[in-house]
Amino acid sequence: MASVTLSEAEKVYIVHGVQEDLRVDGRGCEDYRCVEVETDVVSNTSGSARVKLGHTDILVGVKAEMGTPKLEKPNEGYLEFFVDCATPEFEGRGGDDLGTEIANTLYRIFNNKSSVDLKTLCISPREHCWVLYVDVLLLECGGNLFDAISIAVKAALFNTRIPRVRVLEDEEGSKDIELSDDPYDCIRLSVENVPCIVTLCKIGYRHVVDATLQEEACSLASLLVSVTSKGVVTCMRKVGKGSLDPESIFEMMETGKRVGKVLHASLQSVVHKEESLGPKRQKVGFLG
Amino acid sequence: MAGLELLSDQGYRVDGRRAGELRKIQARMGVFAQADGSAYIEQGNTKALAVVYGPHEGMGQGWTQGSQLKGARGRHMQDRERKTGGFVLEIRGSRARALPDRALVNCQYSSATFSTGERKRRPHGDRKSCEMGLQLRQTFEAAILTQLHPRSQIDIYVQVLQADGGTYAACVNAATLAVLDAGIPMRDFVCACSAGFVDGTALADLSHVEEAAGGPQLALALLPASGQIALLEMDARLHEDHLERVLEAAAQAARDVHTLLDRVVRQHVREASILLGD
């Protein structure tokens with residue numbers, strides 16, 4: 001991870017503040033920074049989203065391509081994740097390592113039956129299916145990468161429009177795939193159960209949500225909890241070089257579930273509002 | 001080329017533009033707060049982001065080192081660098097590379113996997129990205145006053161978010177704005193544009209459709225005030241009688257880009273001074 005160097009006095013200041021539920025920018029321990037989400041930013045993708053969380057800037061593009069279903073799941077399509085760390089700050093570990101770690105975490109949180117209904121991605125069993133390539137582009141790192149990336153992935157999947165295809169079989173038995181004539185005739189994914197990651201960083205005796213780079217430098221251990229909108233936990237992981245005791249883990253998980261539900265509710269309302277503005281809405285992107 | 005008319009009888013191109021007309025350009029400086037300078041530009045459907053760090057102490061950065069040293073050490077060095085995640089080269093190269101009399105300009109070009117119609121597998125590190133990085137470096141070494149910052153390094157990172165033709169030009173324009181946003185002294189703006197030649201007419205600012213048609217393409221980076229050319233590159237065959245016309249079309253387009261970029265910079269400075277209360 002990108003890191004900042006802090007002096008001892010600065011660390012003490014942050015740690016003492018957190019014990020009193022007061023962070024450097026005035027937030028409480030369970031408050032997120034202001035999140036800006038915009039979908040449909042890149043036009044030659046099937047779906048895209050940009051999330052700006054404080055100084056963290058993430059761009060996700062989803063491309064739907066046709067492929068062959070996996071052998072063990074012949075009736076389903078699948079998702080492929082790729083994370084590209086475009087920021088030059090990643091010294092030592094290198095951007096590739098971080099990218100692989102984030103991609104593996106995304107694979108794990110989506111690795112269950114209910115996150116995305118993969119059966120809708122199947123075109124004809126054992127032969128054709130839709131493969132969704134979810135590409136995450138990390139533009140700027142300002143702390144709390146996992147949360148921002150999972151929000152962006154959810155928004156991009158919500159925005160994804162996959163063209164409707166029909167399989168035509170002719171007399172010789174060879175199959176032909178026909179694309180629908182109407183460019184707006186497409187299938188949308190249901191992102192009801194797509195989880196979001198909430199990262200809880202342990203600072204001193206308390207834990208904080210949405211840590212900035214400075215706060216991450218003061219924390220020894222963090223817990224990544226992947227929560228769906230109903231409060232169901234799909235994946236949990238401890239990161240960091242320190243150790244956590246079991247009571248802290250349970251407390252952090254409860255906080256994660258609570259915060260996650262609120263996060264999902266706000267994200268849903270924002271993307272639905274954006275969607276309701278229709279195709280005429282003013283696209284801001286990076287120009288605003 | 002059957003079926004696709006790049007220039008109609010009335011003189012209109014595929015997207016409705018005239019031969020010498022540029023696509024719509026929108027740009028913004030200061031996109032990222034953490035970088036020393038940053039800018040975003042949209043030229044039609046081509047979108048590019050540029051981020052500048054520097055001038056700072058010469059420090060190697062991961063795979064850039066690999067691509068710079070590739071010529072000297074060969075391919076196996078790059079493989080080793082991939083396995084160790086960049087450790088080896090970082091420690092070795094840095095001090096030796098800082099130049100004693102001027103700043104080192106280091107450019108990296110990266111294009112997002114979703115930027116093209118077909119998904120790209122490698123965003124950077126492939127040959128085209130390395131070549132673009134070297135071309136950008138050549139362009140900016142001509143413009144930045146590197147003598148003012150000896151023994152330091154200026155990093156320019158360009159990211160293409162959407163590629164619809166003219167990516168080199170969009171990168172150069174974005175990088176110019178980013179370098180200006182970083183406050184690094186430059187001789188002049190660097191404005192770039194592409195040009196092509198179809199049916200006896202020179203076309204300015206090619207889109208992807210026009211580039212893919214296979215005609216001659218010229219990429220030009222210009223310092224507008226003096227008219228000096230920082231980079232000139234041409235692909236495919238072109239009769240030398242036509243060269244001057246194509247070059248003039250590209251130069252005129254670059255000067256038009258300069259007018260727009262100048263307006264963007266002045267607007268940005270005006271906004272910044274209002275915020276400062278001047």
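**Close-up views of a predicted two-chain model**

View 1. The buried positions of H7(B) are B:Val246, B:Ala249, B:Ala250, B:Ala251, B:Ala253, B:Ala254, B:Val257, B:Leu261, B:Val264 and B:Val265. Because an α-helix has 3.6 residues a turn, residues three or four places apart point the same way. The helix, residues 240-276 of chain B, has 37 residues and should span 54 Å at 1.5 Å a residue, which agrees with the 53 Å between its end C-alpha atoms. After H7(B) comes B:Gly277, which has a positive phi near 85 degrees.

View 2. Over all chains, the whole structure holds 26 salt bridges. One of them joins A:Glu101 and A:Arg237, with 3.1 Å from N to O. Since A:Glu101 lies in helix H2 (residues 94-109) of chain A and A:Arg237 in strand S14 (residues 233-239) of chain A, the pair ties together parts that are 136 residues apart in sequence. A:Glu101 counts as buried because its relative accessibility is 18%, under the 20% cut-off. Another salt bridge links A:Glu275 with A:Arg188, whose closest N and O atoms are 2.9 Å apart; A:Glu275 belongs to helix H5 (residues 246-276) of chain A and A:Arg188 to strand S10 (residues 186-188) of chain A, so this pair ties together parts 87 residues apart in sequence. A:Glu275 is partly exposed at 32%, and A:Arg188 is partly exposed at 32%. In chain B, a network of salt bridges links B:Arg13, B:Asp15, B:Arg17, B:Arg23, B:Asp164, B:Asp205 and B:Glu210.

**View 3. Aromatic pairs within and between chains.** The count comes to 4 aromatic pairs over all chains. The ring centres of A:Phe286 and B:Tyr40 are 4.9 Å apart with the planes at 35 degrees, so the pair is tilted. A:Phe286 lies in the segment after H5 of chain A and B:Tyr40 in strand S2 of chain B, so the pair joins two chains. A:Phe286 is buried at a relative accessible area of 1%, and B:Tyr40 is buried at 1%. B:Tyr53 and B:Tyr157 form an edge-to-face pair, 6.2 Å centre to centre and with 75 degrees between the planes. This pair links distant parts of the chain, with B:Tyr53 in strand S3 (residues 46-57) of chain B and B:Tyr157 in strand S5 (residues 152-162) of chain B, 104 residues apart.

**View 4. Charges over rings in chain A.** A:Arg50 lies over the face of A:Phe286, at 4.0 Å from the ring centre. The charged end of A:Lys70 sits over the ring of A:Tyr78, 4.4 Å from its centre.

Definitions and conventions: Residues numbered from 1 in each chain as written. Chains lettered and ligands numbered in written order. Predicted model: local features only at pLDDT ≥ 70, side-chain atom pairs only at ≥ 80, totals over all residues. Heavy atoms only, no water. Helix = DSSP H or I, 4+ residues; strand = E, 2+ residues; numbered from the N terminus. Expected span 1.5 Å × (residues − 1). Buried < 20%, exposed > 50% of the residue type's maximum accessible area, 1.4 Å probe, protein only. Salt bridge = Lys/Arg side-chain N within 4 Å of Asp/Glu carboxyl O. Phe/Tyr/Trp six-rings, centres within 6.5 Å; stacked < 30°, edge-to-face > 60°. Lys NZ or Arg CZ within 6 Å of the ring centre and 35° of its normal.
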